[in-house]
Structure formats: structure tokens, C-alpha cells
Amino acid sequence: MVFSQVLVEWYAANKRILPWRETVNPYYIWVSEVILQQTRVAQGIDYYLCFIRAFPTVFDLAAADIDRVLKVWQGLGYYTRARNMHVTAKEIVERHNGSFPRTYKELIKLKGVGDYTASAVAAFAFGEAVAAVDGNVYRIFARIFGVDTPIDTQKGKQELKAIADNMLDKEHPGVYNQAIMDFGGTVCMPRKPNCLSCPVMEICSAFRNRKVEQYPVKSKKIKQTERFFTYIIPQKGGQTYITKRVKNDIWKSLYEFPLIETDRQMEVDEIVETEEWQTLFEGKRVDVLYYSVPKKYMLSHQRIFVRFVVARISEESQLLKENFSAIELSKVHDYSTSRLIENFLAAEPVEKYFKKDD
Ligand code: SF4
């Protein structure tokens, strides 16, 4: 029996019941595929339901304010996905009257839609015979065929894409693509694949040669950058200050407290001597009411060491006045912030430093 047949049969008996599988609506499929790109299925379900409740159609998404989109996305990470979706939704409304293009060739022309997403929407919503190829698929075929070309190189990707195209069940592209995704998520997982219950173990080169741990081959390790953040939570009359991140950096367009980034971990008495602190408060009187122990926060390519400092200020500096919004601390939750800030506020009772008459 050929690989695709075995896989589709396995899927018929083992498929996961997922809300986006019950529809051929391209908008819902697109939303689910973007969410699932860097998110586990279990976590993705709630976000998917929440997202389509907030923006039931592509028109709703296109018309929404980006801050609202980011707020709904908050906690999922990789915020570029949400910003790109917003841009794509506008393009679909403005240039395609709100109808998704029906072919891979047309879908891939949309801004912010990559190869995988275009293939997935074309196959799942419109039944086009294209293979949706992502990291799961690279890993599966690298193991089955014992591909030694690293999967993080152009050559490796091309080689594996050619295999994936060749293996596609052209009669049932939707089911086949769903099947391979589930297979990668529940059997041939990145770590500790479940080889003993694998339906294709007999044809798997890595398994036969006892080399499962060695595949897929990667050329390089992801380099992690270390960054040191001190968030200042200014307090004046019970209010604090936030601003939107505008630079092309992590968390672009999310809101945050004044941030001082340094090239090493600094103690609070060193931070208050920095030029950034002086610029932020212009030499006005500041009382440090609280500071947290630095904590490590991991992103895919960055390791962030973060500390929060609550500082009571006697007067607003020009910089705070011009570049930040003064809001009540409890209102921070109305804004889209990074999970790091969200988690900190949930865990630390800093409200006690916010008295109206202070
Ligand atoms: Fe993946 Fe193991 Fe099956 Fe090979 S035998 S395809 S490594 S689960």
C-alpha cells in the first residue's frame, strides 16, 4: 500500500476533532492555519474560537482597529502574524470584494500569505491538489527517507518539498494534508516520536536504521540573543504611563511601560544613574517603591532578563507628557501588551503602590 493510502486510513481512525475541520470557509481555515503556525493545537483552539467570535468575517477583521486585533491575539506570541493578517484582510476586502482567491497561485500573491498558508487554504477550502509543506512535513519525510541534507537550508527544503509534492494524494488533497498534520502532531512528533504505534514504521529509514534521534538534520543551532530589560512603572496620583512600541523589534505595536534596555543585568541603584533614567525623569524627584527580582523570559531567538520597578514621581517629565499616555493601572489590561507584562501584573500585587492621593 502506498504511503498516502496508509496515512489517510490512519487518519480516518485517529483524526482529531477540531473546529476548523468542520468547515470549508476559507476565512476560518486561513485564521486557523495562521494561528497553528507557531502554536500548539491545544492552545490554538481557544484563540481560534475567540478570534472568529471577535471577527466573524474577513470584513470584520479588515474594518477592525489593529489595537483590537492585537488585543485578541494577546498571549499567542509572534505578533507579526496578527499584523500581517490584518493587512491581508484589507487586501481581500479592497481588491477581491471580500472573497478569497480560490487557487494557490492567486493566494500566494496576497501580502503576508506564505507558501504553507496558501497551500493549506487552497487544499482545505477549495480542494486544490497542492501539498501544504511546513516544518512537520519536512521532519516526517526527512525521517522516512533518511534525508541527510539539513532541513534549514534552501537545498534541504527543495529536496523535501519535491518529496512532499510527489507523495501527495492528488485525489484527496484536503484529507491527505490534514492527515499529515495530525500525524506530525501526534505520532511523528519533533521529540520522542511514537514509532512503536506508527503506521509507516516499516518504510521509515530512520526507524529501520535506529537513527530517529538524528533526523531531521539541521545545519545550525538557533542562536539566542540575551537582552536585559528594566520596565519602569511610573506612579503619579494613582496613574501610570504606557506607550506603543513602534520600532521593528519584538512586540511591535504592543503597549508597554517606559523601558530601559541595557547590555547587562544592572542593579536598581545603577539603573537610576543611567542616562535613560535621567532623560525619562529629567532629574525630577523619584522614589523607588518596589522592584522585582530579574526573571528570564524565553522567546524563540531571544532570552530576555526582565525587572520591573515601581517609581513614584513628583512631577511629569516632558518626555512622559509627550510620548506616553497616563492611565490608571487597572486600565493597562484594556491595551494589548506582551505576555511578559500581562504575567507580571497578574502575579505581582503592584496596585498597592497606586494610591490616588499619592
Ligand atoms: Fe516518524 Fe518513527 Fe514513524 Fe519513522 S517510525 S515516521 S520516525 S514515527
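How many bridges join β1 to strand β4 (residues 259-262)? The legends below start there.

**View 1. Strand β1 and its two pairings described here.** This is a predicted model, in which local features need pLDDT of at least 70 and side-chain atom pairs count only at pLDDT 80 or more, while totals for chains, interfaces and linings use all residues. Residues are numbered from 1 along each chain as its sequence is written, and side-chain values use heavy atoms, leaving out hydrogens and water. The answer to the opening question is 4 bridges, with β1 and β4 running antiparallel; look for F229, whose bridge partner in β4 is E261. With strand β7 (residues 302-313), β1 pairs in the parallel sense over 11 bridges, and there I233 has V310 as its bridge partner. Strands here are DSSP runs of E with at least two residues, helices are runs of H or I with at least four, and both are numbered from the N terminus. Two strands pair if DSSP finds at least two bridges between them. Of the 11 residues of β1 (residues 225-235), 9 are buried, so the strand is largely enclosed by the rest of the structure. Buried means under 20% relative accessible area, with a 1.4 Å probe and protein chains only.

View 2. Ala, Val, Leu, Ile, Met, Phe, Trp, Tyr, Cys and Pro count as nonpolar, Asp, Glu, Lys and Arg as charged, and the others, Gly among them, as polar. The ligand takes up the space of the largest cavity, a cavity being a set of points on a 1 Å grid over the protein atoms alone where a 1.4 Å probe fits but cannot get out.

**View 3. The second largest pocket.** A pocket is an open set of grid points with protein on both sides within 12 Å along at least five of seven lines, and lining residues have an atom within 4 Å of a point. This one holds about 450 Å³ of space, and among its 19 lining residues T243, R245, K247, E256 and L259 lie nearest the centre. The lining divides into 8 nonpolar, 3 polar and 8 charged residues.

**View 4. An open sheet of 3 strands.** The order is β3-β2-β8, with antiparallel pairing. β3 (255-256) and β8 (325-328) stand at the edges with a single partner strand each, so one side of each has no neighbour in the sheet. In β8, A326 stands opposite Y241.

Note on methods:
Buried < 20%, exposed > 50% of the residue type's maximum accessible area, 1.4 Å probe, protein only. Sits in = over half its atoms within 2 Å of the grid points. Points joined across faces, edges and corners; volume = space filled by probe spheres on them.
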